[in-house]
Amino acid sequence: MKNTIYNKYKSKGLTGSSTNYYINTADVATLILKELSRVFPKVKFQKQTERFAGGSSVDIYLADNFVFMNQEKFGGNVNPDKTNNEIANMIVNSYSKGFDGMIDLAYSSEYILTKNDEVYKVSCKGTQDAGGSIPKTEYKIYNFPDYDTAIPVSIYCYTNYSSRPKFGSKAYDLYQEYKKNNQQQEAAWKIKKQKLFYHYL
C-alpha cells in the first residue's frame with residue numbers, strides 16, 4: 001500500500017458518529033509541503049508544528065531560491081501578477097482555520113483529500129450562525145480528480161507562511177547573505193537613478 005496521508009486515515013476508518021476524518025497537525029504540515037512541492041518542485045521549505053492552550057499551528061518557512069520566490073512573478077492564467085512567495089502564502093493559508101475578532105471565535109473549513117494526497121477546500125463554516133461576520137461559504141471544485149475515492153477531512157489548526165528560513169537554521173545564514181546582496185543592489189540602483197536625474201537637469 002502506498003505510504004500516503006490518505007491511506008493512513010482511510011485504513012483507520014471513521015470513529016463514532018463522525019462523518020469526517022480529523023487530520024492531526026503533523027500530517028497537515030506534510031500535506032502542505034506536498035502541495036508546495038507540486039507547485040514549486042525545485043524549492044525547499046521547512047516546517048515546524050506547535051501545540052498550545054488554544055490549539056495547534058503549522059509554520060512553513062522558505063529555505064532556498066530566495067530570488068525566484070521573492071522577485072519573480074508566478075505567471076499563468078491565475079494570479080499572474082503575484083510573486084511566487086505570494087502564491088506560496090495563499091497555499092499555506094488555505095489550510096488554516098480562521099478567527100473572527102468581532103466575536104472572539106475561531107472557525108474551520110471542510111476539505112476533501114484524494115488518494116494522491118491532494119487537498120481541496122469544499123466549505124467554510126464561518127461565524128454568522130454565532131452572530132459573527134464571516135459568512136458560510138461553499139466552494140465549487142472544477143475538474144475534480146479521484147472523486148469516487150476521495151475522503152472528507154477536517155483541519156483544525158492555524159497555519160502561517162514565512163518568506164525567510166527558520167531562525168538559527170543553516171538556510172537562515174544563506175537568506176541573510178541574499179538579503180545583504182539585495183540591499184546592496186537596491187542602493188546601487190538608487191545612486192544610478194540619482195546620477196541620471198542630475199545628468200538630465
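This note goes through the predicted model point by point, from the overall fold to single side chains.

1. **Overall make-up.** The protein chain has five helices and 10 strands. Of its 201 residues, 38% count as buried. Take the contacts between residues at least 6 apart in sequence: 56% of them join residues at least 24 apart.

2. **Helix α1.** This helix spans residues 5-12. Its buried residues are I5, Y6, N7 and Y9. What lies over them? The cover includes β1, α2 (25-39), β6 and β9. Just after α1 comes G13, with a positive phi of about 80°.

3. The structure holds three salt bridges. One of them pairs D27 with K8, with the closest N and O atoms 2.8 Å apart. D27 belongs to helix α2 and K8 to helix α1, so the bridge ties together parts 19 residues apart in sequence. How accessible are the partners? D27 is buried, at 7% relative accessibility. K8 is partly exposed, at 34%.

4. **D117 and K34.** A second salt bridge joins the side chains of D117 and K34, at 2.5 Å from N to O. D117 lies in the loop between β6 and β7 (119-124), and K34 in helix α2, so this pair ties together parts that are 83 residues apart in sequence. D117 is buried, with a relative accessibility of 0%. K34 is partly exposed, with a relative accessible area of 26%. Helix α2 therefore carries D27 of the previous bridge and K34 of this one.

5. **E110 and K125.** Here the side chains meet at 3.3 Å, N to O, in another salt bridge. E110 is in strand β6 and K125 in the loop between β7 and β8 (137-138), so the parts tied together are 15 residues apart in sequence. E110 is buried at 12% relative accessible area. K125, at 39%, counts as partly exposed.

6. Side chains of opposite charge can pair when their charged atoms come close. D64 is buried but has no salt bridge. The D64 side chain does reach the backbone nitrogen of K44, at 2.8 Å. D64 sits in the loop between β3 (55-62) and α3 (66-71). Leaving aside residues up to four places away in sequence, D64 touches K42, V43, K44 and M69.

7. **Aromatic pairs: Y22 and Y156.** There are six aromatic pairs. In one of them, the ring centres of Y22 and Y156 are 5.8 Å apart and the planes stand at 20°, so the pair is stacked. Y22 lies in strand β1 (residues 21-22) and Y156 in the loop between β9 (151-155) and β10 (158-162), so the pair ties together parts that are 134 residues apart in sequence.

8. **Aromatic pairs: Y95 and Y111.** This pair is stacked too, at 6.4 Å centre to centre with 15° between the planes. Y95 is in the loop between α4 (84-93) and β4 (98-100), and Y111 is in strand β6 (residues 109-113). The two residues are 16 apart, and the pair links distant parts of the chain. Both Y95 and Y111 are buried.

9. **Aromatic cluster.** Which residues make up the cluster? F40, F45, F68, F74 and Y161 form one aromatic cluster.

10. **K179 in helix α5.** K179 lies in helix α5, which covers residues 170-199. K179 is partly exposed, with a relative accessible area of 30%.

Methods
Residues numbered from 1 in each chain as written. Predicted model: local features only at pLDDT ≥ 70, side-chain atom pairs only at ≥ 80, totals over all residues. Heavy atoms only, no water. Helix = DSSP H or I, 4+ residues; strand = E, 2+ residues; numbered from the N terminus. Buried < 20%, exposed > 50% of the residue type's maximum accessible area, 1.4 Å probe, protein only. Lys, Arg positive; Asp, Glu negative; His and termini not counted. Salt bridge = Lys/Arg side-chain N within 4 Å of Asp/Glu carboxyl O. Polar contact = N/O pair within 3.5 Å; in protein donor to acceptor, adjacent residues only side chain to side chain. Contact = heavy atoms within 4.5 Å. Phe/Tyr/Trp six-rings, centres within 6.5 Å; stacked < 30°, edge-to-face > 60°.
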